[in-house]
Amino acid sequence: MGRGFLVNFLIVGTQKGGTTALAHFLASHPQICMAPCKEAHFFDYDHYCSQDYQKFFPNYTDQVAIGEATPIYMYLPWIAPRLYVYNPDLKLIVLLRSPIARAFSQYQMERSRGWENLGFRRALRLEAGRLAWANLIDPWAKQERSAQRTHSYSDRGFYSKQLKNLLQYFPRQNLLVLRSEELKTNHAEVLAEVYRFLEVEQITPPPPANLLVGQYQGAIAPEDQAWLRQKYANELVDLEQLLGWNLDSWR
């Protein structure tokens with residue numbers, strides 16, 4: 001690393017959980033260097049070993065905290081050991097959103113991109129098969145449109161296994177887990193907590209901005225909501241035990 005710095009924090013998830021908004025807010029802090037490129041995807045492609053990670057931080061000028069936001073880092077299980085090898089002292093920020101709302105938001109995003117042509121209900125029912133096939137033919141998710149990246153609507157909502165995977169490599173004090181809803185409803189308090197976690201000065205936070213979710217049309221059908229609620233019933237219990245949260249609002 002020619003310029004002599006290591007990235008020391010990452011926003012690692014979850015997709016459609018407010019990571020873009022948080023990165024935007026943190027970029028305004030004078031002691032934080034956020035990569036101008038949202039979602040560098042440095043650690044989730046095989047060429048990461050030969051690339052210069054520092055090139056994603058042309059705005060680095062000796063800031064205390066240096067980071068970027070790529071939400072898939074939390075989801076793909078083989079990324080955590082890569083993060084540890086790069087910097088075992090990394091601080092990881094996780095934003096969690098209701099898995100039902102998150103799944104539908106990801107689906108709407110892929111529809112808007114033209115990468116999904118199935119209805120939501122059919123996409124959910126076929127998801128397991130799509131992921132199994134993708135894991136067979138492209139286990140490292142090298143392709144941009146692999147199912148692990150584009151069609152993992154409900155699977156990404158099993159947060160507890162993703163957090164436990166991170167905790168195999170990083171101590172609990174290196175993880176800050178937040179609810180994405182609170183970034184909107186308790187904006188200043190959440191940013192103050194992030195500033196403490198990153199050990200930077202407490203400043204007046206930037207004003208809230210409408211960056212938390214994509215602007216999509218339509219609503220999830222009650223039948224699909226009920227199906228997902230049942231699917232996540234045990235997961236929410238596990239997550240409550242892991243984090244000490246009350247997740248009744250997600251039920």
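Hi everyone, and thanks for coming. A word on ground rules before the tour. Since the model is predicted, local features need pLDDT of at least 70 and side-chain atom pairs count only at pLDDT 80 or more, while totals for chains, interfaces and linings use all residues. Residues are numbered from 1 along each chain as its sequence is written, and side-chain values use heavy atoms, with hydrogens and water left out.

Let's begin with the whole chain. The protein chain has 11 helices and 5 strands; here helices (H or I, at least four residues) and strands (E, at least two) are DSSP runs, numbered from the N terminus. What is its radius of gyration? The value is 18 Å, and this agrees with a compact globule of 251 residues, which would come out near 18 Å. That radius is taken over C-alpha atoms, and the globule rule is 2.2 Å times the number of residues to the power 0.38. Along the principal axes, the C-alpha trace spans about 50 × 40 × 35 Å.

How much of the chain is buried? Of the 251 residues, 55% count as buried, where buried means under 20% relative accessible area, exposed over 50%, and partly exposed in between (1.4 Å probe, protein chains only). The accessible surface comes to about 11,800 Å², and carbon and sulfur atoms hold 51% of that. Those areas come from the Shrake-Rupley method with a 1.4 Å probe, and for residues only the protein chains shown count as cover. As for contacts (heavy atoms within 4.5 Å), take those with a separation of 6 or more: 76% of them join residues 24 or more positions apart.

Now please look at the strands. Two strands pair if DSSP finds at least two bridges between them. Strand 2 (residues 32-34) pairs with strand 3 in the parallel sense over 3 bridges, and Ile32 sits opposite Ala65 there. Strand 3 (residues 65-69) in turn pairs with strand 1, again parallel and over 3 bridges. Within that pairing, Leu10 stands opposite Glu68, and Phe9 stands opposite Gly67. Strand 1 also pairs with strand 4 in the parallel sense, over 4 bridges; on that side the bridge partner of Phe9 is Lys91. Finally, strand 4 (residues 91-96) and strand 5 are parallel over 5 bridges, with Leu96 opposite Arg179.

How well covered are these strands? Strand 1 (residues 9-13) is mostly covered, with 5 of its 5 residues buried. Strand 3 has 5 of its 5 residues buried, so it is largely enclosed by the rest of the structure. In a regular strand, side chains alternate between the two faces of the sheet. In strand 3, Ala65, Gly67 and Ala69 point one way and Ile66 and Glu68 the other, and all are buried. Strand 5 (residues 175-179) is likewise largely enclosed, because 5 of its 5 residues are buried. Both of its faces are covered, by the burial of Leu175, Val177 and Arg179 on one side and Leu176 and Leu178 on the other.

Is Leu236 buried or exposed? Leu236 is buried, with a relative accessible area of 4%, and Trp250 also counts as buried, at 4%. Leaving aside residues up to four places away in sequence, Leu236 touches Pro99, Leu247, Trp250 and Arg251. With its own neighbours within four places set aside, Trp250 has contacts including Leu96, Pro99, Tyr159, Glu181, Leu236 and Trp245.

A cis peptide bond joins Gly13 and Thr14, with omega about 0°; Thr14 lies in the loop between strand 1 and helix 1 (19-26). Which loop holds Glu39? Glu39 is in the loop between strand 2 and strand 3, and it has a positive phi of about 65° although it is not a glycine. Glu39 counts as partly exposed, at 28% relative accessibility. His41 lies in the loop between strand 2 and strand 3 too, and its phi is near 55°, a positive value in a residue other than glycine.
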